[in-house]
Amino acid sequence: MILQKLTILNYRNIAEADMLLSPNVNCFVGSNGEGKTNVLDAIFFLSFTKSTANNIDSLNIRHGEDLMMVQGIYDLEGMQEEISIGLKNHQKKSVKRNKKPYKKMSEHIGLLPLILVSPGDSELIASGSDERRRFMDLVISQFNPDYMASLSAYNKALQQRNAMLKTEEEPNLDIMAAYEEMMAMYGERVYAERQRFIEEFIPVFQQLYSEISGGNEQVSLRYISHCQRGPLLDVIQRDRYKDRAIGYSLHGIHKDDLEMLLSGFPIKREGSQGQNKTYLIALKLAQFDFLKKTGSRTTPLLLLDDIFDKLDAKRVGNIVNLVSSDRFGQIFITDTNRENLDKILEKSNGDYRIFQVNGGVITYNP
């Protein structure tokens, strides 16, 4: 897959931009806060119909404006696709494929597979289990369209059960049992997909970490789920009265976690800044490799946002060698340091384009 042209109107700090892009490497250079990340966020928005920065769509409209639009023209395995997303204040966003609106947003997810590596990935290690579940969900949903349907059905049943647990009057146990059965059925489907994904993902991740670090450190992942304690329905119903006392569901796949390990210990406790950054980059590049080899019909886009910070020269060099190889497709990369980008471009045999970003204004530097 190739993003041939990107058009942006009033998206975050970018008033207007119209970019013809390289099928190989596209570099965005500028100081911090100038809008480099917003370009990558616009590309992410086209793939997932949401921003990495704001859950509320209207917050992505440029200050002082009442509408925004992002449009991409893609070469998808020889077929040209035009994707556009528009939003006016106080209105529902419009997502169109070849000028025809989608009936459901879920129909779009997976069409334009993409992996973003960014400073925000640090939350995978530093934050709670929500971020790590989202990490799994984001990849699986791009190659398995049934996965999000199961996860959505589970979450709806969970919300209904939690609402019953919070009521002052005693809930109808037959109705609650029906919601619990739905949670168990869909939850076990989600668990099976997450388990299958992690088992296949770990060796890919370990190999990439070794290539970046030089092979001197051992890393792994451990998937933790209440489904591992026995049939999920039994696990959910076992503490029904405790759940009733606190007003929410203590057990289920909404509590799943992914332990991130360095030398057998949690990297959150053991890792240096450089090791943490290496771990996160390897995770994301492994996501790319996994998507490329699994259900994806096309090579994903790779977005690299300020990835060299906190890394020593050896690790920077290893990453440069990795992303310059032919195992990755079209790349979008930002950096404040032109030297890092020049190293990648020197090793790249293909076409490239460099864009300067200043105050939301994007200029092509031929």
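Biologist: Does histidine 90 count as buried or exposed?

Modeller: At 83% relative accessibility, histidine 90 counts as exposed; the classes are buried under 20% relative accessible area, exposed over 50% and partly exposed in between, with a 1.4 Å probe and protein chains only. Please note that this is a predicted model, in which local features need pLDDT of at least 70 and side-chain atom pairs count only at pLDDT 80 or more, while totals for chains, interfaces and linings use all residues. Residues are numbered from 1 along each chain as its sequence is written, and side-chain values use heavy atoms, with hydrogens and water left out.

Biologist: Where does histidine 90 lie, and what is its phi?

Modeller: Most residues other than glycine have a negative phi. Histidine 90 is not a glycine, yet its phi is positive, at about 65°. Its place is the loop between β5 (79–88) and β6 (94–97); strands (E, at least two residues) and helices (H or I, at least four) are DSSP runs, numbered from the N terminus. Asparagine 98, not a glycine either, has a positive phi of about 50°. Asparagine 98 sits in the loop between β6 and β7 (100–101) and is partly exposed, with a relative accessible area of 37%.

Biologist: How many aromatic pairs does the structure hold?

Modeller: Rings of Phe, Tyr and Trp (its six-membered ring) pair if their centres lie within 6.5 Å; planes under 30 degrees apart count as stacked, over 60 as edge-to-face and the rest as tilted. The structure holds 15 such pairs. In one of them, tyrosine 11 and phenylalanine 45 have ring centres 5.5 Å apart and planes at 65°, so this pair is edge-to-face. Tyrosine 11 belongs to strand β1 (residues 2–11) and phenylalanine 45 to helix α1 (residues 36–48), so that the pair links distant parts of the chain, 34 residues apart. Both tyrosine 11 and phenylalanine 45 are buried.

Biologist: What are the distance and the angle between the rings of tyrosine 191 and tyrosine 223?

Modeller: Their centres are 5.6 Å apart and the planes are at 25°, which makes the pair stacked. Because tyrosine 191 lies in helix α5 (residues 173–213) and tyrosine 223 in strand β9 (residues 219–224), the pair ties together parts that are 32 residues apart in sequence. Tyrosine 191 and tyrosine 223 are both buried.

Biologist: Which residues do ring pairs link into a cluster?

Modeller: The cluster consists of Phe135, Phe143, Phe197, Phe201, Phe205, Tyr209, Tyr279 and Phe290.

Biologist: Which residue lies over the face of tyrosine 364?

Modeller: A charge sits over a ring if NZ of Lys or CZ of Arg is within 6 Å of the ring centre and within 35 degrees of the ring normal. Here arginine 353 lies over the face of tyrosine 364, at 4.2 Å from the ring centre.

Biologist: How many disulfides does a search of the whole structure find?

Modeller: A disulfide is a pair of cysteine sulfur atoms within 2.5 Å, and the search finds 0. As for individual cysteines, cysteine 27 counts as buried at 1% relative accessibility, and cysteine 227 counts as buried at 11%.

Biologist: Where does aspartate 326 lie, and is it buried or exposed?

Modeller: Aspartate 326 is in the loop between α10 and β13 (331–335) and is exposed, with a relative accessible area of 74%. Its C-alpha atom and that of asparagine 24 are separated by 9.8 Å, although the two residues are 302 residues apart along the chain.
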